[in-house]
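Please look through the sequence and the structure shown below. The report after them describes selected side chains and where they sit.

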Amino acid sequence: MKQTIHNENTGIDYTPVGEVYLPNLVLPHGDYEIGVWGERYRDYIKCHRKAFYTSLKMQCKLDEHLREVDMRAREMYDRLVNQLAQREGITEALKAADMMQWVAAMNNISNRAREIVWNDITGGGD
């Protein structure tokens, strides 16, 4: 028996194990930090877009995709919070003058920004 066989159609190498050849499947090394947005998005596509999730997983592109979504969502969230706070006049001066009002306003802004980002990354889904 040959040590390895390379299938030109699939690009996969096979190694003999006993009397059969098994594919040499190796996961790519990815030291990706996937944040909260990526984790939530993974759960969403796993439940609501199963074919897409499976396709990414089979192509070993799931982590890369989740990392991209997470980075884009994090940047969008930060930008939205800053823009909304600026537009509504939520400043450090308000924070110093009335902490409770500032916290309430920032919580409101944060919740709205989360909703906008979530709708953007899921295409308006759940």
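The sections below cover ring pairs, charges over rings, salt bridges and a few single residues.

## Basis of the report

This is a predicted model, in which local features need pLDDT of at least 70 and side-chain atom pairs count only at pLDDT 80 or more, while totals for chains, interfaces and linings use all residues. Residues are numbered from 1 along each chain as its sequence is written, and side-chain values use heavy atoms, with hydrogens and water left out.

## Aromatic pairs

A pair of aromatic rings is described by the distance of the centres and the angle of the planes. Rings of Phe, Tyr and Trp (for Trp, its six-membered ring) pair if their centres lie within 6.5 Å; planes under 30 degrees apart count as stacked, over 60 as edge-to-face and the rest as tilted. Searching the whole structure gives three aromatic pairs. One of them joins Tyr41 and Tyr44, a stacked pair with 6.5 Å from centre to centre and 25° between the planes. Tyr41 and Tyr44 are three residues apart in helix H1 (residues 36-48), so about one helical turn separates them. Helices (H or I, at least four residues) and strands (E, at least two) are DSSP runs, numbered from the N terminus.

Tyr44 is buried, with 11% relative accessibility. The ring of Tyr44 also pairs with that of Trp118: the centres are 5.7 Å apart and the planes stand at 80°, so this pair is edge-to-face. It links distant parts of the chain, since Tyr44 is in helix H1 and Trp118 is in helix H5 (residues 99-122), 74 residues apart. Buried means under 20% relative accessible area, exposed over 50%, and partly exposed in between (1.4 Å probe, protein chains only). Tyr41 counts as buried at 4%, and Trp118 counts as buried at 7%. Through ring pairs, Tyr41, Tyr44 and Trp118 are linked into a cluster.

## Charges over rings

A charge sits over a ring if NZ of Lys or CZ of Arg is within 6 Å of the ring centre and within 35 degrees of the ring normal. The charged end of Arg49 sits over the ring of Phe52, 4.3 Å from the ring centre. The charged end of Lys95 sits over the ring of Trp102, at 4.7 Å from the centre.

Lys95 belongs to helix H4 (residues 92-97) and is partly exposed, at 28% relative accessibility. Lys95 and Thr54 are 41 residues apart along the chain, and their C-alpha atoms are separated by 47 Å.

## Salt bridges

How many salt bridges does the structure hold? There are five, where a salt bridge is a side-chain nitrogen of Lys or Arg within 4 Å of a carboxyl oxygen of Asp or Glu. One of them joins the side chains of Arg74 and Asp70, at 2.2 Å from N to O. These two residues are four apart in helix H3, so about one helical turn lies between Arg74 and Asp70. Arg74 is partly exposed, with a relative accessible area of 40%, whereas Asp70 is buried, at 1%.

Arg72 forms a salt bridge with Asp120, and their closest N and O atoms are 2.9 Å apart. Arg72 is in helix H3 and Asp120 in helix H5, so the pair ties together parts that are 48 residues apart in sequence. Arg72 is partly exposed at 40%, and Asp120 is partly exposed at 39%. Another salt bridge is formed by the side chains of Glu88 and Arg112 (2.7 Å, N to O). This pair links distant parts of the chain: Glu88 is in the loop between H3 and H4, and Arg112 is in helix H5, 24 residues apart. Glu88 is partly exposed at 38%, and Arg112 is partly exposed at 33%.

## Single residues

Is Ser110 buried or exposed? Ser110 is buried, with a relative accessible area of 10%, and is found in helix H5. Leaving out residues up to four places away in sequence, Ser110 touches Tyr77 and Val81; contact means heavy atoms within 4.5 Å.

Cys60 lies in the loop between helix H2 (50-58) and helix H3 (62-87). Its phi is near 55°, a positive value in a residue other than glycine. Cys60 is partly exposed, at 34% relative accessibility.
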